[in-house]
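Colleague: Hi, could you walk me through this one? I have a few quick questions.
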Protein chains: 2
Amino acid sequence: MKNCVIASTSTLHGSTYLEYIEKELIELYKNVNEVLFIPYARPGGISLAAYTDLAKKAFAKIGKNITGIHEYDTIENAFKKTQGVFTGGGNTFLLVDQLYRNKVMDVLRTKIEEGTPYLGTSAGSNICGLTMQTTNDMPIVYPPSFKTLGILPFNINPHYLDPDPTSTHKGETRETRIKEFHTINTPPVIGLREGSWVRVKDNDILLQGKPDARIFEKNKAPYEMSAGTSLSKLY
Amino acid sequence: MKNCVIASTSTLHGSTYLEYIEKELIELYKNVNEVLFIPYARPGGISLAAYTDLAKKAFAKIGKNITGIHEYDTIENAFKKTQGVFTGGGNTFLLVDQLYRNKVMDVLRTKIEEGTPYLGTSAGSNICGLTMQTTNDMPIVYPPSFKTLGILPFNINPHYLDPDPTSTHKGETRETRIKEFHTINTPPVIGLREGSWVRVKDNDILLQGKPDARIFEKNKAPYEMSAGTSLSKLY
């Protein structure tokens with residue numbers, strides 16, 4: 001019953017917030033007027049209210065109303081009449097910490113599994129994987145666990161960046177970091193470049209958008225995958 | 001009584017492992033023949049033995065013998081006759097996890113506070129800060145805590161990278177990440193570019209090397225600092 005758009009980024013260079021994915025959102029939320037927004041990831045540290053305003057403006061363009069989860073008196077009430085959910089990007093540690101501390105993780109998983117349309121971007125996509133352990137973010141808070149929603153049977157690395165062959169910098173490349181992940185953990189990792197997203201419909205998991213994604217499986221050389229390819233068998 | 005070299009990186013582009021900092025190491029370890037190596041961070045997932053071999057070769061050039069901490073039967077024996085310690089880079093989550101699980105964190109802190117010469121590079125420098133929360137690494141394991149040695153009264157961001165003004169990538173810049181850290185945490189952060197290090201001698205904390213470091217304090221605009229400047233008052 002799942003119905004999700006799990007995107008690498010909210011914004012592409014040279015376009016406005018969520019603009020590149022607007023057609024997909026119209027389809028995802030076709031039976032939805034009210035969308036519950038989860039702003040916990042607070043990109044750059046902006047307030048929950050300022051972040052919710054940003055989402056409100058973008059969703060007004062497609063005729064949808066946004067309410068921030070912090071605007072409800074209880075989490076129970078926030079989810080009572082939820083028609084759709086959107087979790088925005090920012091810091092994944094902060095997001096996961098707040099999802100646990102506010103007791104949102106389990107109810108959000110249940111709602112998504114029951115078919116509530118869900119959009120995630122960046123950190124909001126990271127949490128759809130088995131764990132948040134392939135985030136790029138700084139550990140600015142210590143969350144109770146790295147386990148996340150497990151809507152996908154693998155992990156996401158959003159904003160995937162190819163190594164720069166001209167770089168003289170000695171910090172690890174993204175590929176090296178994911179290789180380190182696989183020395184200890186087994187789940188495949190989808191390196192989602194900006195412009196790509198994963199579309200979940202019931203049990204189908206399809207790669208969508210451009211450019212290709214880079215797939216990392218333990219003990220295998222990483223490889224490329226194009227839009228339209230099924231990710232359902234990847235575990 | 002502290003005596004530490006806390007470096008951004010082990011290696012500069014175009015030079016060999018630890019080469020750029022060799023003079024500093026000769027001075028640091030002038031009364032030391034035997035150096036205890038902590039290879040827990042396992043860069044790129046290499047084995048403890050392979051990583052220790054790499055350090056052995058580099059230290060042989062300055063006439064020092066290296067033994068990996070995993071080569072001792074107990075942690076107590078590893079530290080019993082320690083004349084000097086070196087913690088290499090790699091994944092900071094893995095390093096901190098192993099330091100806690102093998103009960104090394106407290107004994108290492110005590111040895112450093114007693115004056116045992118200490119070299120850290122990258123992840124091995126990160127752990128000298130108050131917390132590991134300004135690491136760039138992926139959370140490939142869940143450590144028991146983010147608290148680290150606290151040899152320095154602030155945090156380190158090793159391999160500090162300036163934002164690329166030509167980039168069209170929407171992932172967070174390093175500066176944005178550190179700003180997110182400061183929305184929740186108060187310690188200053190030293191953005192140590194590759195080629196710079198912090199020299200701790202008793203209560204003096206001096207910035208050394210090139211290029212300049214970038215200093216981030218909560219509620220202040222970030223600023224530059226040059227070699228020879230004291231960091232002792234920065235908290």
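Colleague: Which are the buried residues of helix H5 of chain B?
Modeller: They are Met105(B), Leu108(B), Arg109(B), Lys111(B) and Ile112(B), in a helix that spans residues 105-113. Buried means under 20% relative accessible area, exposed over 50% and partly exposed in between, with a 1.4 Å probe and protein chains only. Helices (H or I, at least four residues) and strands (E, at least two) are DSSP runs, numbered from the N terminus. This is a predicted model, where local features need pLDDT of at least 70, side-chain atom pairs count only at pLDDT 80 or more, and totals for chains, interfaces and linings use all residues. Residues are numbered from 1 along each chain as its sequence is written, chains are lettered from A and ligands numbered from 1 in the order in which they are written, and side-chain values use heavy atoms, with hydrogens and water left out.
Colleague: Why do the buried residues of H5(B) line one face of the helix?
Modeller: Seen down the axis, they fall within an arc of 165°, so they sit along one face of H5(B). The arc is that of the directions from the helix axis to the C-beta atoms.
Colleague: What covers the buried residues of H5(B)?
Modeller: The cover includes strands S1 (3-7), S2 (34-38), S4 (84-87) and S5 (118-121) of chain B, along with helices H3 (75-80) and H4 (92-101). After H5(B) comes Gly115(B), with a positive phi near 110°.
Colleague: Switching topic, what is the strand order in the open sheet of four strands in chain B?
Modeller: The order is S6-S7-S10-S11, with mixed pairing. Two strands pair if DSSP finds at least two bridges between them. Strands S6 (155-157) and S11 (223-225) of chain B are the edges, each pairing on one side only.
Colleague: How many bridges join S10(B) to S11(B)?
Modeller: Three, and the two strands run antiparallel. Arg214(B) stands opposite Glu224(B) in S11(B).
Colleague: Over to chain A: is Thr9(A) buried or exposed?
Modeller: Buried, because its relative accessibility is 3%. Thr9(A) lies in the loop between strand S1 (3-7) and helix H1 (22-28) of chain A.
Colleague: And which residues does Thr9(A) touch?
Modeller: Among them are Tyr20(A), His159(A), Glu194(A) and Lys170(B), leaving aside residues up to four places away in sequence. Contact means heavy atoms within 4.5 Å.
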